[in-house]
Amino acid sequence: MAMSLRRALVPLLTAALVLPLAVMSLPAAAASGDLIADVVVPDQYPTQIAPSVAFDGQYLYYLGYGSPVLHRIDVPPAGAASSFATGHTQTPITGTQGVMTLAYDAGRDAFWAVGSDGLSIYLLTKAGAATLKFTVDPVQDRPNFQTGHFATEVKIAYDRADDTIWYSPDATTRIYHYNTSADALGTAQLAPGAPYVDVGLAPNDMTAECGYSQSSGVAVGGADLFVTVAGCNYLFEYTKTGTKVASYAYNTNAGGSPQEAACDNLSYSVPVFWIRDAWDGHIRAFEQPAGACTFGGGQPQAPPPSGFPAVQSLTPSSFAVHANSHAVAMPAQVNAGDLLLCIFTSHGYATVTTPAGWTSIGTTLNTTVVRTSRFVKKADGTEGGTTADFQTSVMEPAVAHVFRITGWFDDGVFADGIADSAVIGNGFSPDPPALDPATWDVEQTLWIAAYGAENLGVTSGYPAGYSGGQYDTSGGVVARVSTASARRGNAAASEDPGTFTNDASQAWVAVTIAIRPRAAQ
């Protein structure tokens, strides 16, 4: 829906939404549904009219209506009285004309986002770089789609339990469920087993509480989905197969039009849902049922016992501006004893200074155009949400991937549990080298394949048998760099990953890294 249409509809829709609330008596106070905090965004009318909110474990994020700017504000203090937002920052979004809604992915430390067309799904970094992951075919990928008033206004939730996305067109009754990876045509793949849920079919409808049924926003961070309804003073809980579990009344006015919701189990003494109102510029925190929904999509599905080291998160950082200093973001959560691995790619021939507390395990230069360096650190537990400065000897743009790894071999000597090899080349197919670690044989080893490239040719394919593929760029206009990585566990003495597929021919540095398992100790 265009912003001009939004303005025209404000009086009409406000009247329509106030009516259900006026005739609805608020319930007696209870724990679930209590207002815990209320913050007002700094935007003025009409730019405060927007549906989005996300929480990354530290800050709140939101967007204008289909805008190319990522906003960040501080979490407000607890209290029912409204407070004006503090710590407001604005980050331009590159790679798309605009973004409608977003959901935080704690594993990737990035946001899944819906473009302003309602059909494009991006992975959006905190630095504002949007990478298209797939598009939704409006016919094939949305069976029995119902066209609402605002056809391009789509809400999104990320589900870390199975690495999937819940896609909810505004004011309709069907929520679609997609894998995070595209099919061979670059379009969405409906999740097998539960491709969608319906919130408008009896006995799982909302009529008893609201007088009608629709989804205005969706959140997930545990076993079930939570659905908001514009003009209705209830939040609904559904299983991931569409069974209505419960409804929860807000114990105060939730605004005229509750929209996107985000889970937060960290900011206050009780867990909350952050719920954005479409019209009044408020983001409100309501107490959620105990343990119902944790931030960032919840916990990843526990892998079967394997003895392999595990990648708990991958945090990207992009540096579009030529500079000596590069404050690389660390994962939001880091525990003492975790292994932090940074793959840092910088443009040109500049050398890279190893930050205090880190150890260089390799650096490789391809002529004078691109360098990829690798660094490791045993975490002391204070690194979560901080940065580490990787300085280059010449002002250059850069891009980095930081892995948080658990279950690794730690005897105090990195070389006993980490092996690294790199090669250089040119062309469309960066090819990580074969690696046979010198200090161990057949063990349940985690293998990481990666490359850094001189420019921004998009990675369209990853080594066969590898998962968790991620591609990021420095951004910028000139002297750009990019990186991609993927991994797999393989109980083998050596590994020779297959090639990446790049959409542009360019100079590259390809890397293979082996992480030995703790079980070997």
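In the class counts used below, Ala, Val, Leu, Ile, Met, Phe, Trp, Tyr, Cys and Pro are nonpolar, Asp, Glu, Lys and Arg are charged, and the others, Gly among them, are polar. The structure is a predicted model, in which local features need pLDDT of at least 70 and side-chain atom pairs count only at pLDDT 80 or more, while totals for chains, interfaces and linings use all residues. Residues are numbered from 1 along each chain as its sequence is written, and side-chain values use heavy atoms, with hydrogens and water left out.

**Exercise 1.** Describe the lining of the second largest cavity by class and by strand.

*Solution.* Begin with the term: on a 1 Å grid over the protein atoms alone, a cavity is a set of points where a 1.4 Å probe fits but cannot get out, whereas a pocket is an open set with protein on both sides within 12 Å along at least five of seven lines, and lining residues have an atom within 4 Å of a point. The second largest cavity holds about 50 Å³ of space, where a volume is the space filled by probe spheres set on the points, which are joined across faces, edges and corners. Its lining includes Ser32, Tyr248, Phe286 and Glu287. By class, the lining of this cavity has 7 nonpolar, 3 polar and 1 charged residues. Finally, strand 18 (244-249) and strand 21 (282-287) each supply at least two residues of that lining; strands here are DSSP runs of E with at least two residues, numbered from the N terminus.

**Exercise 2.** Find the volume of the largest cavity and the residues nearest its centre.

*Solution.* The search of the whole structure finds 2 cavities of 30 Å³ or more, and the largest contains about 140 Å³ of space. Of the 19 residues that line the largest cavity, Ala103, Tyr104, Ala261, Ala262 and Cys263 lie nearest its centre. Sorting the lining by class gives 16 nonpolar, 3 polar and no charged residues.

**Exercise 3.** Trace how strand 4 pairs with strand 3 and with strand 6.

*Solution.* Two strands pair if DSSP finds at least two bridges between them. Strand 3 (residues 59-63) and strand 4 (residues 69-74) are antiparallel, with 5 bridges, and Tyr62 stands opposite His71 in strand 4. These two strands form a hairpin with 5 residues between them, and Gly66 in the turn has a positive phi of about 65 degrees. Strand 4 also pairs in the antiparallel sense with strand 6 (residues 89-92), over 4 bridges, where Val69 has Pro92 as its bridge partner.

**Exercise 4.** Which residues does Asp163 touch, not counting residues up to four places away in sequence?

*Solution.* Asp163 lies in the loop between strand 11 (154-159) and strand 12 (164-169). With contact meaning heavy atoms within 4.5 Å, Asp163 touches Arg108, Tyr158 and Thr180 on that count. The side chain of Asp163 makes polar contacts with the side chains of Tyr158 (2.7 Å) and Thr180 (3.0 Å); a polar contact is a pair of N or O atoms within 3.5 Å, where within protein one must be able to donate a hydrogen and the other to accept it, and residues adjacent in sequence count only if both atoms are side-chain atoms.
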